[in-house]
Amino acid sequence: MVEMSVAGIALDAASRSPIVLLRDPSGRRQVPIWIDQAQAQNILAGVASEPPPRPLSHDLMVSLLKAGELQLERVIIHAIEDNTFRAALKLSRQGEAEQPLLEVDARPSDAIALAVRTGSGIWMLEEVVADASIPVDAEADEQDSSEFRRFLDSVSPAELVRHLSQARPEPEAHGEEPGEGGETRESGDDTAGDQPA
């Protein structure tokens, strides 16, 4: 298993749906999980250093776990079925370290929201990481950003407009927008994006 961390929340450029990005310890792979707006807000509220003035649903869940003398040990995202991630909460009873962990099925977004509030680990099976991850090359990203900044510093506004107009693709013959119609992602939450073959 691979311990993941929340790298942030992004927006799908096509659908404008939020995506929670989980990053592996090496920083070279990220797993995107499509979620909805409410789930994104719940995760961001858990990541924020300041608690909300009134407890949100996941804050209440953490309080209920404490009241029931349960502790969230870790979250495990263990499968992708029908383009949807599957997760489980591993809970222990306080003072019963030798007892087997209790397992509760959960949506990954709820599991992540609880994990960031309790400081629990977010683990993912290596097979799931391998199937769903996208490569991340921070050095290449930084190099591209530096080259782009140098380009902007050296180009005049007129040259930039000329360059952009030359780079603009020709419109599709059938009037279809690129990126539409080919998605297999289900509407809803906790889904995986299309992966290259």
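In what order do the strands of the open sheet run? I looked this up first.

I am working on a predicted model, where local features need pLDDT of at least 70, side-chain atom pairs count only at pLDDT 80 or more, and totals for chains, interfaces and linings use all residues. Numbering starts from 1 along each chain as its sequence is written, and side-chain values use heavy atoms, without hydrogens and water.

**Sheet.** I read the order as β6-β5-β4-β7-β1-β2-β3-β8, 8 strands with mixed pairing. Strands here are DSSP E runs of at least two residues, and helices are H or I runs of at least four, numbered from the N terminus. Two strands pair if DSSP finds at least two bridges between them. The edge strands, β6 (102–106) and β8 (134–135), each pair on one side only. I checked β5 against β6: they run antiparallel, joined by 5 bridges. L91 stands opposite L102 in β6.

**Core.** I found 31 residues in the largest nonpolar core. Such a core is a set of buried Ala, Val, Leu, Ile, Met, Phe, Trp, Tyr and Cys residues joined through side-chain atoms within 4.5 Å. Buried means under 20% relative accessible area (1.4 Å probe, protein chains only). Those with the most contacts inside the core include L22, I77 and M124. Helix α3 gives the most to this core, 5 residues. Leaving aside neighbours within four places in sequence, I list M1, V2, M4, L22, V31, I77 and V129 in contact with M124 (heavy atoms within 4.5 Å).

**N83.** I located N83 in the loop between β4 (70–81) and β5 (84–93). N83 is buried, because its relative accessible area is 19%. Its C-alpha atom is 7.7 Å from that of G193, 110 residues apart along the chain.

How values were computed
Buried < 20%, exposed > 50% of the residue type's maximum accessible area, 1.4 Å probe, protein only.
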